[in-house]
Amino acid sequence: MSDELIQIETPFAFNEENQREFNALIGRYPVKEAAMLPTLHLAQRQAGYITPAVMKYVAEQLEVSVMKVKDVVTFYPMFFEEPVGEYVIRVCHTLPCALRDCKGVLEHLKAKLDTDIAAETNLAKGTTPDGKFTLMKVECLASCDVAPVIMVNDDLYKNLTPEKIDEIIDNL
Amino acid sequence: MVEERRILYEHLDVPDINTFDVFRQYDGYTRFEKAITEYQPEDIAKMVMDSGLKGRGGAGFSTGLKWSFVPRDIKPCYLCCNADESEPGTFSNRYVLEKNPHLLIEGILICCYAMGIETTYVYIRGEFTLGKKMLDAAIKEAYEKGYLGKDIRGTGLNIDIYTHPGAGAYICGEETGLIESLEGKRGQPRNKPPFPAVEGVFGKPTVVQNVETLCNLPFIVGNGVEWYTQMGPTYADTRANPPTPDPNTGTKLYCISGDVNEPGVYELDLGLTCSELIEVAGGLRGEEVKAVIPGGSSAPILTHYELDTRLDFTSLTLAKSMLGSGGIIVMNETRNIVDCLLNIMKFYAHESCGQCTPCRWGTPWVRDIVQRIADGDGRKSTMTRPKFGVAENGRWGDTGETEEIYEDLDLLESVANNIANVDTMTWNTICVFGIAVSWPAVSYLRKFRPEFEAAIREGKLVTLPVAEATVPPEENYAYQQRFIPKEFADL
Ligand SMILES: Cc1cc2nc3c(=O)[nH]c(=O)nc-3n(C[C@H](O)[C@H](O)[C@H](O)COP(=O)(O)O)c2cc1C
Ligand code: SF4
Ligand code: FES
């Protein structure tokens, strides 16, 4: 994929606040490329997900090829290449959570949101039609003492029970 | 009952300990001040060496020794603090970041002073948004108070700390994966050598150190080596003549989860036994311990025969397992080991970075075999073969009996051992992720073989009573080489 072939639907550029944050970031590393992950996080927060336009913009900012950005985006599970819901619900399903019935949590959320679980290459599968929620499974969130846990966007919820889940979702 | 000894976690629950002023009230930054006023950098490095501090991130490598490999004449040198904490069952770094970030900054300052480092990157896993926020705020405060930045406290020291977010890949916890990721690439581990200490991030010497390891430094400097080495057992390494001391000093932030009544982080002297730790954590939830994972999901499993194993670096290595990250996962009699292995293998199959063929293909293959067994489609042959075990002469060999052949179990062990061989401890992969896959696979299978056989025989998952599910030590090759270490003073 050469740069010219990328279809650019909506152009992307950092807003003023993110531009300022980006400028601060770039000074931290001896090479610009090293700012890749924080820059992509910033861009994803602004754009919602990593579109080809975002990749092109980030590539220009960091002075690397677009392919290099794509390479990184595909490697890390936290970067989305498809639209996701307003609330991304991450359900931990690794062993310590499994020992505390994370299956029940997952089933309850599936039923409550009436959606399937997103696959890494098919996020739409786990996204509600109104675009409000995306339900996905993730690996250990380093909170096994308070298992089972979920993350809703940036917030962690612990020791979940069906009632607690209802309360969390209803309050969103 | 063993008492908790809170050192790193002593002030964790003090309100507002995350702010500079409160941290200062509890001796905050005085240890760093002591370091720069009373000691030369080499003295600090020597203290760390003498303290016997071993890395808390997974490998358990001597911190002082690691520092001694760093060439002093190549500048700049970098410190990467590993706050990626993604080993299943581990959650102690999170609390440091969220509640007491200044302690980490003080540890980093001491390391930087000792090693002549000016730039530190703290690689924080992407999901730790709160932890990153708290640490960023603490770093900002430290700059304002003159403990970071240019010419710190008039000493001419320049030290900067930057946080760097990960993005959800477990393999970025591996030190060279972390370095690649920090450089803005996919987090694929590098071939070693060169080791990071010689050629790390941006091609420069790099010290990679876990959060907990760095948090030990203020206390080693503040209270002295003698005080520090009193905690935890020091064994004798009898390979040397006369035996050399093999320290397991200090406290460990044991993270205990699974089937215990009060899961959580317990700070205890290294060297307590598995059953003591379960006692400290409020006792077992259930009737009987079936199995314990002693060091994060990568560690070989322990059975109920092995609950007297001491949870320190040396004892667990001699028990053919490892302390790893100190994440202890307890399973009671209701748990099915095949099911647990399936869960863990799904994790590893998802997290392999894909660089090496044995790992990229082998790991999903192992997962698929376990899945097949769990689904009741495990394969068994109708033939039999001679059974190996402890023979009449008391040695390992042909017992004269025959056994049935479970093809899928042979295949499972063979595939796993071809990613990394657990008996010879050799691997065909770039990083030790390979051994983190085959260790659980082979140890679960060898120690709980009856449960795997039952699943294949019955065509469904069968949870056997603990005594029946576990292979007794005398019949199991995996246990044959288990040693109980002796404390140094006893010799
Ligand atoms: C697959 C893999 C994952 C690892 N994950 C972590 C981790 O999440 N956190 C960590 O501190 N060390 C992790 N390590 C260990 C690091 O490679 C490295 O040994 C450690 O950060 C060194 O710091 P220490 O000496 O202070 O322990 C991991 C190692 C491997 C092989
Ligand atoms: S062993 Fe696995 S995780 Fe490690 S470098 Fe090879 S493919 Fe990647
Ligand atoms: S397994 Fe869910 S938080 Fe660790």
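This is a predicted model: local features need pLDDT of at least 70, side-chain atom pairs count only at pLDDT 80 or more; totals for chains, interfaces and linings use all residues.
Local features here need pLDDT of at least 70 and side-chain atom pairs count only at pLDDT 80 or more, while totals for chains, interfaces and linings use all residues. Residues are numbered from 1 along each chain as its sequence is written, and chains are lettered from A and ligands numbered from 1 in the order in which they are written.

I looked up helix α6 (residues 101–115) of chain B against helix α9 (residues 211–223) of chain B: their axes come within 8 Å and cross at roughly 75 degrees. Helices are DSSP runs (H or I, at least four residues), numbered from the N terminus. Axes are lines fitted to C-alpha atoms over the stretch in contact, with angles from 0 to 180 degrees between N-to-C directions. So α6(B) is roughly perpendicular to α9(B) (65 to 115 degrees).

**α2 on α9.** Helix α2 (residues 30–38) of chain B packs on α9(B) at about 60 degrees, axes 9 Å apart. I noted Arg31(B), Phe32(B), Lys34(B) and Ala35(B) meeting Pro218(B), Val221(B) and Gly222(B); contact means C-beta atoms, placed from the backbone, within 7 Å.

**Ligand 2.** I found 15 residues around ligand 2, with Cys353(B), Cys356(B), Cys359(B), Thr429(B) and Cys431(B) coming nearest (near: C-beta, placed from the backbone, within 6 Å). α14 (357–374) and α16 (433–447) of chain B each give two or more residues to this shell.

Key
Angles under 35 degrees count as roughly parallel, over 145 as roughly antiparallel, 65 to 115 as roughly perpendicular and the rest as oblique. Two residues are in contact if their C-beta atoms, placed from the backbone, lie within 7 Å.
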